Amino acid sequence: MIKNDKFGWRHIGPRSHEIDQMLKTIGVKSMDELIDQTVPKNIRLDKPLDLGPGLTERQYYRKIHDLAKKNKVFNTYIGMGYYDTITPAVILRNVFENPVWYTSYTPYQAEISQGRLEALLNYQTMICDLTGFKLANASLLDEATAAAEAMVMMYNTRSRTQQKAGTNVILVDEKVWPQTLDVLMTRAEPLGIELKVGNYKEFGFNSQVFGVLVQYPNSDGNIEDYTALVETAHKNECKVAVAADLMGLALLTPPGEWDADICFGSSQRFGVPMGYGGPHAAFFAAKDEYKRSMPGRIIGVSKDANGNRALRMALQTREQHIKREKATSNICTAQALLATMAGFYGVYHGPRGIYSIAARIHSIANLLSKEIEKLGYKHLNEFFFDTVRFSLPRHVKREDIEWLSLDLEMNFRYFDNGEVGLSIDETTNVDDINWIIEVFAKAANKPIPTFTDYPGECLLDEKIARKSEYLQLDVFNRYRSETEMMRYIKKLETRDISLTHSMISLGSCTMKLNAATEMLPLSWIEFSGIHPFVPKNQAMGYQIMMEELKRDLAQITGFADISLMPNSGAAGEYAGLMVIMAYHKGRGDDHRKVCLIPSSAHGTNPASAAMAGMDIVVTPCDERGNIDVEALKLKAEEHKDDLAALMITYPSTHGVFEASVTEICNIIHQYGGQVYMDGANMNAQVGLTSPGKIGADVCHLNLHKTFAIPHGGGGPGVGPIAVAKHLVEFLPSHSVMNNGHVGIHAVSAAPWGSASVLPITYGYIKMLGGDGLRKATEVAILNANYIAHHLKENYGILYTGENGRVAHEMILEARHLKQASGISETDISKRLMDYGFHAPTLSFPVHGTLMVEPTESESKDELDRFIETMNSIYNEIKEVETGVADKDDNVLKNAPHTQFMCIDDEWNHSYARTKAAYPLNWIRENKFWPPVTRIDDAYGDRNLVCTCAPVEE
Ligand SMILES: Cc1ncc(COP(=O)(O)O)c(C=O)c1O
C-alpha cells in the first residue's frame, strides 16, 4: 500500500483495491504469489534496493531546485558546436512543455501521427533549403555521430572497383571539432576504415581513398573555400561530407551548391537549449542518389486510400538501414522532439528572421574582431561567420583573460597554443559586447571603449556570401504573430495520438507516465543554459546529480559503474559491445569477434554488433520462445576460440522470464565470452532482479523506457551502459572534458550525452525510492497478466513462462484470425485508431502478431477499455469470418475512418456510420478522429518526396 502523499500513488495506475481485484481475477492470492509464479526464484534479489524512501513531489522539487542553484549560468562563448539560443516561448510552452508532443511515440502508426510528421517534414525542408540538398532525414543523434554516419555511408557506397581494391581511407581535415574526431575514431576502427587526419590543403588522393570530411566554418572559425577540394575529390572517385553550421548557412554558400555529397551538423542553435550537451538534433542531408543508403528516418509524402495527402516514414516504413547483420547503421531512436522544435523555430522566424539572426551574429563577431584588434590583439580569421580567434600581445597572458572573463561570468575558448576564441550567438547583445571588450582592454591595460549599439549591416565578403534563397514555402512565411504560431502548433497537435489520449501499449517500448514533476526542471535555465565544456565548478548541480544517478543505476543493475554517454538504446548497445571488444583486446584476445544473437533479438542488436566489427552467429529459440539452450551450447562450443559475446534481452522479447538465463550466462563465460544484456525490458526487472544478478557483464538502460524519459515522437533517448567491475576501465572517454572514464574513444559528441534530460530519471528514482520502484515493476507485471488473462481466449498468448505467466508484456496471436477471415494484424492496428487507441507493437518479434505492454502507469479503467476494445474488434473479425460482414467492405479493412468519411453526404459502405466511428459507447465521450485514412506505403516509396511542397501542388 502506497501512502497518498507519495509519488508512487500517482505514478502507478491501479488503486490498491483494484490491485487486489486484479490479482483475484488472474487467480492469485497476492502480488508475491504472482511474482513467484513469474520471476524465477534463482535470479530474485535477496535484499531490497537500498535507495531510500521515495520523496514526495514537493520534497523532490526542493531537492532538484537546490541542485539547480549549484549550476552557474555564465555567458558562454566557447562555441565548438554548442551555442546559446533563444527558444521562442511559444515553442517552449506549446511544444517542449506539451505532453502531446513529448509523450508521443515514433510515428510508426502514421495515420495518427500526422501532426509530428508534418513538423518533421518542415524540419527536413528547412535542412534541405539551408544546406542546398534535395534530401534530408528527420534527425540523427548528434553532430559527431552524424559525422560517423556520413563516413560509413560514403564507405558503404564505394564503387565496385573500390570495394574490390579494399579502398578504406577517409581524409579528415584536422580542423573538425575534437569531439567529432573522437567519435570518428571510435567508429572507423572496427569497420577497418583508416582515418587520415591532416590539413585539407595537403590531402593526397590515391585509389585507397573513398571519402573526405571537412568542417564549414572549421574549428578555428575560418570559412574555407572547398570548391577545388570537392573537384579533386570527385575526380578521384571520392565523396565529400561537410560538417556545417546551420545558422552560418543562412549567410554562406551552402555545400549543396559547391557539389559536396553530404552535409551534416547540429540544429541545436535553432532554438534548442545547450542543456550541458544535449539532447539536440543532428541534421543530415545528401544528394538524392543516396536516398537508399541514408541512415535515420526519412519522412515522406504519400496519399491515403481516399487520395488525400498523407505523411509517413518513407522507405520501408521503419528504418531501411537496420538490416540485421547487413545493417549500415543501428540508429533507431533519434532526436524527433528537438528536430520538431528546430523546425518550428524556422517556421516562426522564416527566411527574413533567420537571415537577420545570422547577420546580427556575424556583425557582432565582426565588430569584436575590429575592436579587439585595436587593443593590440591579432585577429586570425580571414573569413569567418560567428567565431573569432585572437593571438595575444606579448604582455597579455591567457590566464589574465580567463580570470577577468570569469570575474564577469563569461567563458571564452582557450586553444592549446594560448590563443583565445569567441563564438557569438543569437543572445549576444550590446551589454555582452561591452563586457567582452572590457576583458580584453583590461588585460592589455588599455582604456575601455563603450558601445551603445552594434552595426546593423552584415559585412560578409561577397566571395563567400550566399546568393540563393531559402525557406520560401508558405509554411515558413505565414506564422509571424504568436497567436498564429500557437494555433498552427495546436492544429498539428490535434492530429496526433499521445499518452494524453490513451494507453500506448507498444511492447518493448514501455510507454509509462512521464510525470510533470520530473519534467519541470528541464525548462529551468540552470539546467538548459549550460555549455557542456564549461569548467566543472560551474556545473556542480549537474555533476552531483549525475554522480548520484550513476550510483543509483549501478545499484539497480547490480553493476560497478555507468557511462551516461550513449544517446539512445542502440547507441548503448554499440558502446557496450565496443567495451567488450576492448576488454578482449586488452587480454590479447583480438580474435574474439563472434557475437551470438538469438533469433528473437531486436534488429538493432545485430546492427550494433556489425558496427562493432563482430561476426554475428544467430542462435535459435525453442517452441516456447525461449533461447534453445542446447543449440546455444553447441554454438558457443563451436566458436569457443573466437567467442566475444552473447546479446540477450531479458525478460526475452517474447515477454517471458526464461528460467535458464543463469545457465545461459554460465555457458558463455565458460567459453570466454561476455554477456551483453539489452535493457529494453528492464521495466520487468527493477527491484526484483538485475542484469548483474542474472550473470550479465554489460547492459544498456533505455532511460526513455523504464526510467520515465518521454519518447518525444522518436527521441530524445538516453541509453547509458552499466558494466561489471572488470569492464570499468574500458568505459568511453571524451577528448575535451574529463568525464571520469579512460577507456575507448567517445561514442557521443557530449561528455555526458543528453545530460539535460537526466533530471527526469533522477526524479523518477528519487520519488519512487527503492520500494516504489519494486512496486512499479510488480504492477507492470500485474497489468500485463491482467490483459493476457482477458485476451487469451480470443487471441491467444504466444508465449508464457513455466507457470503460464507473462512478464511485463505479451505477444497476442493474430495469425489464426488472418487465416480464417483475411483480417491482418495491420487491419487490427488501424481499427484500433477508430476506438482511440494506438496499436501495440506490430509483427515484432514474431510476424503477424501484436505485442502489448501496458506499463504500471495505466489504470484498471484504461486496461478494461483496451480489453473491451480488443474483444470488440475480435467480434468484428468474427463477423467477417462468418460472412455477417462483407469480406472487403468492412470496418476493419476500411479503418481508420476519418471525420470526412463519416460526415460525407455519400456513404456507400455495407455498415453504419456509427459502427465505423463509435463502435463502443464510451468512445462518444472522447472521440479521436484520425486525420487521414489508410496510407498507401508503396506509393510513398515509389514517389519519394521528403520536403514540403508549394501550396499550389
Ligand atoms: C529490444 C530493443 N532493443 C533495442 C532497441 C533500440 O533502442 P533505441 O530505439 O533507443 O535505439 C529497442 C527499441 O525499441 C528495443 O525494443
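A crossing of two helices is left-handed if the near helix is turned anticlockwise from the far one by less than a right angle, and right-handed if clockwise. Keep that in mind for the first stop.

This is a predicted model, in which local features need pLDDT of at least 70, side-chain atom pairs count only at pLDDT 80 or more, and totals for chains, interfaces and linings use all residues. Residues are numbered from 1 along each chain as its sequence is written, and side-chain values use heavy atoms, with hydrogens and water left out.

**Stop 1: two crossing helices**

Helices (H or I, at least four residues) and strands (E, at least two) are DSSP runs, numbered from the N terminus. Axes here are lines fitted to C-alpha atoms, for helices over the stretch in contact, and angles run from 0 to 180 degrees between N-to-C directions. The crossing of H5 and H12 is right-handed. From H5, show Val90, Ile91, Val95 and Phe96.

Leaving aside neighbours within four places in sequence, Asn94 touches Ala89, Trp101, Met486, Ile489 and Glu493.

**Stop 2**

Two strands pair if DSSP finds at least two bridges between them. Next, zoom in on S11 and S12 (residues 387–391), joined by two bridges. Which residue of S12 stands opposite Lys378? Select Ser391.

**Stop 3: the seven-stranded sheet**

Seven strands form another open sheet, in the order S16-S22-S21-S20-S19-S17-S18. Here the pairing is mixed. S16 (561–563) and S18 (615–619) are the edge strands. Neighbouring strands are turned by 25° against each other on average, direction ignored. Select S21 (residues 698–701) and S22 (residues 721–723): three bridges join these antiparallel strands. His700 has Ile721 as its bridge partner in S22.

H18 (residues 540–557) lies across S16, S21 and S22, at about 115° to S16. H22 (residues 661–670) lies across S17 (594–598), S19 (643–649) and S20 (674–679), at about 140° to S20.

**Stop 4: the ligand**

Show the 15 residues around the ligand, each with a heavy atom within 4 Å of it. Thr333, Ser508, Gly569, Asp678 and His704 come nearest. An N or O atom in the side chain of Thr333 is 2.6 Å from a ligand oxygen. For Ser508, that distance is 2.6 Å. A polar side-chain atom of Lys705 lies 3.0 Å from an oxygen atom of the ligand.

**Stop 5: backbone details**

Go to the loop between S5 (209–216) and H11 (227–235), where Pro217 is found. A cis peptide bond joins Tyr216 and Pro217, with omega about -10°. Then find Pro651, in the loop between S19 and H22. Tyr650 and Pro651 are joined by a cis peptide bond, with omega about -15°. Finish at Ser139, between S2 (135–136) and H8 (143–156). Ser139 is not a glycine, yet its phi is positive, about 115°.

Note on methods:
Contact = heavy atoms within 4.5 Å. Polar contact = N/O pair within 3.5 Å; in protein donor to acceptor, adjacent residues only side chain to side chain.
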